[in-house]
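Please examine the sequence and the structure shown here.

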Amino acid sequence: MAPSSYYAAKTRPPSARAVRDQDLTAVLVKLWEDNYRVYGARKLWKAARRAGHQVGRDQVARLMRTAGIEGVRRSKRVITTRPAVAAARHPDLVKRDFTATLPNQLWVTDLTYVPTWAGVAYVCFIIDACSRMIVGWRVASHMRTGMVLEAIEMARWSRGTRHQGLRCHSDAGSQFTSIRYGERLAEIGAVPSIGTVGDSYDCEHLVVAAASV
């Protein structure tokens, strides 16, 4: 390159495209920050279009790379039900009939998870099928049997220490087939119940519905 060409390029004013890119980059960064810095190229492109900016999806992706911003990537699906193959399975005492005429006749329990900025938080809920009220719960950074036992303790002290004939229904996760789980229920007069294969979604949907009330 000739020296004259070099100095001409250095002193030449920015092109119209460069000016537009600079302005759009500022807009995109603002939209990205306003949306908690989680939007990727597709969502940021749609947000910019809604805000009245004529910009292409590929252009948004290019300007995001230039600005050094990116969306939050989804982690792999978390599996909360891990059946213990060798463990004895409790009988199904519910048969997909989740009606209860009185409190403390039927409790339904399940594990779920909540993604947070600090990692995945695991939650165990115990729901009274009569009132759909959460009678016990526990949040932990793991999903070992101990968190389920602590949720039972909360339910035990909120509803009384003895509930003869109470059924506590769950899926076939290893936490609910453990000896400690069965023993803890026996201490309050309750009996464990586990749904048949494919019925685990019943527990999940009931717990999620009650938790969202």
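In this predicted model, glycine 189 comes after helix H6 and has a positive phi, near 85 degrees. Helix H6 itself covers residues 179-187, and its buried residues are Tyr181, Gly182 and Leu185. Viewed down the axis of H6, these buried residues fall within an arc of 95 degrees, so they line one face of the helix. Ile179 and Arg180, on the other side of H6, are exposed. The partners against which the buried residues of H6 pack are strand E1 (106-116), helix H5 (145-159), strand E4 (167-170) and strand E5 (191-194).

Consider next the pair of helices. Two packed helices are described by the angle between their axes and the distance between the axes. The axes of H5 and H6 cross at roughly 10 degrees and come within 10 Å. The two helices, H5 and H6, are therefore roughly parallel to each other. Among the residues that make this contact are Val148, Leu149 and Ile152 of H5, together with Tyr181, Arg184 and Leu185 of H6. Sorted by class, the contact of H5 with H6 has 5 nonpolar, 2 polar and 5 charged residues.

The strands form an open sheet of 5, in the order E3-E2-E1-E4-E5, and the pairing is mixed. Strand E3 (133-140) and E5 are the edge strands, each pairing on one side only. From one strand to the next, the twist averages 25 degrees. Within the sheet, E1 and strand E2 (residues 119-128) run antiparallel and are joined by 10 bridges. Leucine 111 stands opposite cysteine 124 in E2. Finally, H5 lies across E1, E2 and E3, and runs at about 145 degrees to E3.

Terms used
Residues are numbered from 1 along each chain as its sequence is written. This is a predicted model: local features need pLDDT of at least 70, side-chain atom pairs count only at pLDDT 80 or more; totals for chains, interfaces and linings use all residues. Side-chain values use heavy atoms; hydrogens and water are left out. Buried means under 20% relative accessible area, exposed over 50%, partly exposed in between (1.4 Å probe, protein chains only). Helices (H or I, at least four residues) and strands (E, at least two) are DSSP runs, numbered from the N terminus. The arc is that of the directions from the helix axis to the C-beta atoms. Contact means heavy atoms within 4.5 Å. Axes are lines fitted to C-alpha atoms, for helices over the stretch in contact, and angles run from 0 to 180 degrees between N-to-C directions. Angles under 35 degrees count as roughly parallel, over 145 as roughly antiparallel, 65 to 115 as roughly perpendicular and the rest as oblique. Ala, Val, Leu, Ile, Met, Phe, Trp, Tyr, Cys and Pro count as nonpolar, Asp, Glu, Lys and Arg as charged, and the others, Gly among them, as polar. Two strands pair if DSSP finds at least two bridges between them.
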